[in-house]
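User: I'm new to this structure and would like to know what stands behind the terms used for it. Could you set each one against its rule for me?

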Amino acid sequence: MSIVTTDNPPESITGTPQAPPVHTLSVFVNNKAGVLMRICQVFARRGYNIDSLVVSHGRDEHFSRMTIGISGDPAGLEQIILQVTKLIDVIHCIEHTSSDSVTKELLLVKFIVAKKDRTEALQIIDHYGGKTIDLTPTSMIAMLNGDTTKIDAALTMFSQFEVIETVRTGKVVMARGELAT
Amino acid sequence: MSKNQLDGAQALIKTLDDLGIEYIFGYSGGAAIPIFDALVTVKTNIKFVLARHEQGCCHMADGYARATGKPAVVLVTSGPGAGNTITGIMTAQMDSVPMIIICGQQVTWMLGKDAFQEADIFGITIPVVKHNYLVKETDSIPRVIREAHHIATTGRPGPVLVDVPKDISSADFNGDMDPELDLPGYKPETSYTVDSDKIDEALQLIHKAQRPLVLAGHGIMISGADAELMELAETLRCPVTSTLLGKGVFPEEHELALGMLGMHGTAYANKAVCDCDLLINIGSRFDDRIIGQADKFCKDAKIIHIDIDPSEMNKMVCPDIEIVGDAKTTLTEINKRISGLDTEPWLNKIEGWKKKYPLSYRKQGGLRMQQVIDELYQVAGGDAIVSTDVGQHQMWAAQFYKTNASWKWLSSGGAGTMGFGFPAAIGAAFACPDQTVISISGDGGFQMTLFELATAALHKLPVKIVVLNNHYLGMVRQWQELFFDDRESGVDLEGNPDFCKLAAAYGIPSFNIKRPADVRRQLEKAFEITDGPVLIHAECVKTDNVFPMIPAGAALEDMLTEPPKGKLAKPTGST
């Protein structure tokens, strides 16, 4: 098991310098009730906020994969990773950076769009490589995926319409090359 | 149902017996009735002790484990029964004490429906256990109990709670009594191989040192590395200071022993920490009580930190060399290649501090707790098992009661749990019937768990129950005197009972000590009683203070060795 330290500069969720640093952790755990509680408790007690969380079972259903985006003091992160790793139900916990991994998230966005604006909306969706998954005479739902920066940029473009709601999955991460995530 | 058919509860008790569990400390209740029934229907070697409160059960199991290194089991019912164990579980977790807590629980189909005596003890205890379980299949009971035992006793030990719903314990058992453990995320065996490069680096630092100091923690005791520590210290001629929980891993009467360090540690231990050029921390987690102001701690010295728990590295102090591993394995490797150092100038310097700042107390102006403890030590010796409560008497006991071997000093360190001492002594008395067991409490902490006098009396446990009574919560009063302009608030224990009459109500003989001249005679008389408990009540001066003292958050060099002349600033550190 390798643990990547926080020496790498953290990404920022919004790109603004004041934003708290966000770290992406991949946690491989036993697929059992209560495991998420145990992990969340370690972060909460040390004052880290969970910004995004994706959990699903692994290829072997006895295990689950969690991708957790957290923000908080980078100085204590390495120690927190050790505390998470110490949990009996955790197989491993690895911090990933943009250079050693790929991250993606999925966005669903529902917005009001009248007939006259529909073409422009479709152009934006097409530009970001997305799809229309629901269409009514007055609204549509677009689906697109990509890294966080791309999703943020697309949302800026959609904001010219009356956005009713957005749902983001939060990011999932996978290590590049043959490394384990 | 065939005659040999077990139910879940019977499989549970049988598994505990197979694991060699000797004692269950418990308190019954509705949801746990099937398990209590199995204690009767299954033939085992397990002895059951009915305590008088669930917190008492936990501290007894804790005392048993601290006196033997082996886990005991706590068995309680759901809801309030389980809830009352939390302080005891937290106490064990903070001090890395193995313990298995089994709770009865409502039936599974009522969970989450606010049923009678239902509490989500699984969720409640997550932050205070090493691991916990809510059992959902009867056939998994032996595996869960075996895993709980394995987790509690290996690596860095700790408490493991198992919540067993009543329908699960009542149902027929059709599983395997000796199943494989399923713990893919738990590999304590890796601690027994230590990186040899790290050992090389450590040896380089050790052989360069002129003023080395060993900080000996509880990890040495758990690992059983006392002999290896002795070899290291004597080969290097290196002084050894210990943490509160490490008392005994190095005989405190040894010439190289400096006693306890930290907030109320000996002045010479703290001065040695400030002045050493190499600190070798073995099995201690650099608690805030021993490092004071973290950024000033040993700032000119090199630090080697040996700990079995990787998450202790860089938590409080950043060491120069981190060795994650078992203390005995690591010390054995280091000792293979170690050579002696010339530490005579260093030892002479320490000897000077020992002469200049000895531990002392006044024998005039009333009876002092220190004198009672000092004379207890002279009467009972350094090999008695001493259990303390929390507060001033605890610190004086740590200073004046010299502990000469591991598993003899039982004290709640990390959690600082008042009410711990007396039930822990009961647990130790069950564990070690041939040894002298002394419980030292203040009047505050003793009253928190004094209901266990019934347990001690019933089982005729020869515990020497020492109550050092100053009618105050003395440690808090000391802080109020030193840092809050002597404004007393919530510390005056007016209304204390007559403790000797209280003992008599339980049929326990007692001795009252009022004057310094009476101490030895009364102690000796009390120690003649060996067929059951005896209570020794000492009426002590009301307003004495513990020194040396390092105000919380201050650096070790700011230690007060005597009462300050002027007013002190409020402490900036932890409580």
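User: How many salt bridges does the rule find across the interface of chain B and chain A, and what makes A:Lys86 and B:Asp309 such a pair?

Analyst: The rule finds one salt bridge across that interface. In A:Lys86 and B:Asp309, the closest N and O atoms are 2.6 Å apart. A salt bridge needs a side-chain nitrogen of Lys or Arg within 4 Å of a carboxyl oxygen of Asp or Glu, so the pair qualifies. Please bear in mind that this is a predicted model, in which local features need pLDDT of at least 70 and side-chain atom pairs count only at pLDDT 80 or more, while totals for chains, interfaces and linings use all residues. Residues are numbered from 1 along each chain as its sequence is written, chains are lettered from A and ligands numbered from 1 in the order in which they are written, and side-chain values use heavy atoms, without hydrogens and water.

User: How many residue pairs are in polar contact between chain B and chain A?

Analyst: Four residue pairs, both residues at pLDDT 80 or more, are in polar contact there. The term stands for N or O atoms within 3.5 Å; within protein, one must be able to donate a hydrogen and the other to accept it, and residues adjacent in sequence count only if both atoms are side-chain atoms. On the chain B side, α6 (121-125) and β5 (131-134) each supply at least two of the residues that touch chain A. Helices (H or I, at least four residues) and strands (E, at least two) are DSSP runs, numbered from the N terminus. The chain B side divides into nine nonpolar, six polar and seven charged residues. Here Ala, Val, Leu, Ile, Met, Phe, Trp, Tyr, Cys and Pro count as nonpolar, Asp, Glu, Lys and Arg as charged, and the others, Gly among them, as polar.

User: What area is buried between the two chains?

Analyst: About 1500 Å² is buried between chain B and chain A, with 60% from carbon and sulfur atoms. Buried area is the accessible area (1.4 Å probe) that two parts lose on being put together, summed over both. B:Ile126, B:His131 and B:Ser311 supply 31% of what chain B buries against chain A, more than any other three residues.

User: What makes chain B as compact as a globular protein of its length?

Analyst: Chain B has 23 helices and 18 strands. Its radius of gyration is 24 Å, close to the 25 Å that the globule rule gives for 575 residues, so chain B is as compact as a globular protein of that length. The radius is taken over C-alpha atoms, and the rule is 2.2 Å times the number of residues to the power 0.38.

User: Which domains does chain B have, and what joins B:Glu312 and B:Arg156?

Analyst: Chain B is assigned domain 1 (8-186), domain 2 (192-356) and domain 3 (369-547); such bounds come from an automatic or database domain assignment. Domains 1 and 2 of chain B bury about 620 Å² between them, 56% of it on carbon and sulfur atoms. B:Asp95, B:Gly155 and B:Arg156 give 63% of the area on the domain 1 side, more than any other three residues. Two salt bridges cross this interface. The side chains of B:Glu312 and B:Arg156 meet in a salt bridge, at 2.7 Å from N to O.

User: How many salt bridges lie between domain 1 and domain 2 of chain A?

Analyst: The rule finds zero salt bridges there. One residue pair, both at pLDDT 80 or more, is in polar contact between these domains of chain A. On the domain 1 side, β1 (22-30) and β2 (49-57) of chain A each supply at least two residues touching domain 2. That side divides into three nonpolar, five polar and no charged residues.
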